[in-house]
Amino acid sequence: MDWATAENVRSGSEYFGKVDTTKIAVMGQSCGGLQATAVAADPRIDTVVIWNSGTFTPGANSPGASMSGATKESIAKFHAPVAYFPGGPSDLDYANSKDDFSRVTTVPAFFGSINVGHGGTFRHPGGGWFGEVGLAWLDWRLKGDANAAKYFEGAGCKLCMNPIWEVSKKNMK
C-alpha cells in the first residue's frame, strides 16, 4: 500500500495518477491470506479477501504463522468487510478459515466455499469460480456495483442459490 500510494504521486512513475488510493483491498491465497489478515487493521483498507487460508490455533506448529504475524487476535482488529473463500473440506486450511470466520463479530463477513481443494479454481480459465466471485466482491465493495452485490446479498444471493457453494454470512443482508 505504501509503495502504490507513493508511485501514484511520484513524477515519472508509470502509475502516476492512476491509483485510487481511497479504494484499497488486500487479499491473499494460502500464506498470502495470512499476510492479508495481518495487515487488515490498517485504516486505509476498504475490504479484505482471504483465499484458502486461515490463522492457526495458538500453539500450532506452522511456519505460516511466524511468516505473517497473523493470529486469531488479528481478526478482532478487522474494520472493513471480509470474505473467506476456502476450497472445501479437502482444503488443508478449510477448518482454520471456518474458525476465523466464526470469530468475525463487528464487520460484514462472507464465507463461500466450494470443494476444490487448496488450489481453488485459479488454474481454470479466468480463474474459474474463484476469479468470478473475487471480481464480483471487489466490484461490489470498491465500486458499489449493485449487480455484483447480488452474488452475496440476500437470502436469494447468487452463491446462496447455487448448490455447489457452502455459504454463511454475518452482519450483512
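**Charged pairs and a disulfide**

Tutor: Lys-72 counts as buried, at 6% relative accessibility. Buried means under 20% relative accessible area, exposed over 50%, and partly exposed in between (1.4 Å probe, protein chains only). One caution: this is a predicted model, where local features need pLDDT of at least 70, side-chain atom pairs count only at pLDDT 80 or more, and totals for chains, interfaces and linings use all residues. Residues are numbered from 1 along each chain as its sequence is written, and side-chain values use heavy atoms, with hydrogens and water left out.

Student: Which residue forms a salt bridge with Lys-72?

Tutor: Asp-99 does, with the closest N and O atoms 2.7 Å apart. A salt bridge is a side-chain nitrogen of Lys or Arg within 4 Å of a carboxyl oxygen of Asp or Glu.

Student: Why does the pair tie parts of the chain together?

Tutor: Lys-72 lies in the loop between helix H3 (63-68) and strand S3 (82-85), and Asp-99 in helix H4, so the pair ties together parts that are 27 residues apart in sequence. Helices (H or I, at least four residues) and strands (E, at least two) are DSSP runs, numbered from the N terminus.

Student: Is Asp-99 buried or partly exposed?

Tutor: Partly exposed, at 26% relative accessibility.

Student: What about Asp-100?

Tutor: Asp-100 is in helix H4 (residues 94-103). Asp-100 counts as buried, at 0% relative accessibility. Leaving aside neighbours within four places in sequence, its contacts (heavy atoms within 4.5 Å) are Gly-54, Thr-55, Lys-72, Ile-75 and Tyr-84.

Student: How many salt bridges are there in the whole structure?

Tutor: A search finds 9. One of them joins Arg-44 to Asp-2, with the closest N and O atoms 2.7 Å apart. Arg-44 sits in the loop between helix H2 (31-39) and strand S2 (47-51), while Asp-2 is in helix H1 (residues 2-9), 42 residues apart. Asp-2 is exposed at 54%, and Arg-44 is partly exposed at 33%.

Student: New topic. How many disulfides are there?

Tutor: The search finds 1. A disulfide is a pair of cysteine sulfur atoms within 2.5 Å. Here Cys-157 is joined to Cys-160, S to S 2.0 Å.

Student: Which hand does that link have?

Tutor: Right-handed, with 85 degrees about the S-S bond.

Student: And how open are the two ends?

Tutor: Cys-157 counts as buried, at 0% relative accessibility. Cys-160 is partly exposed, with a relative accessible area of 27%.
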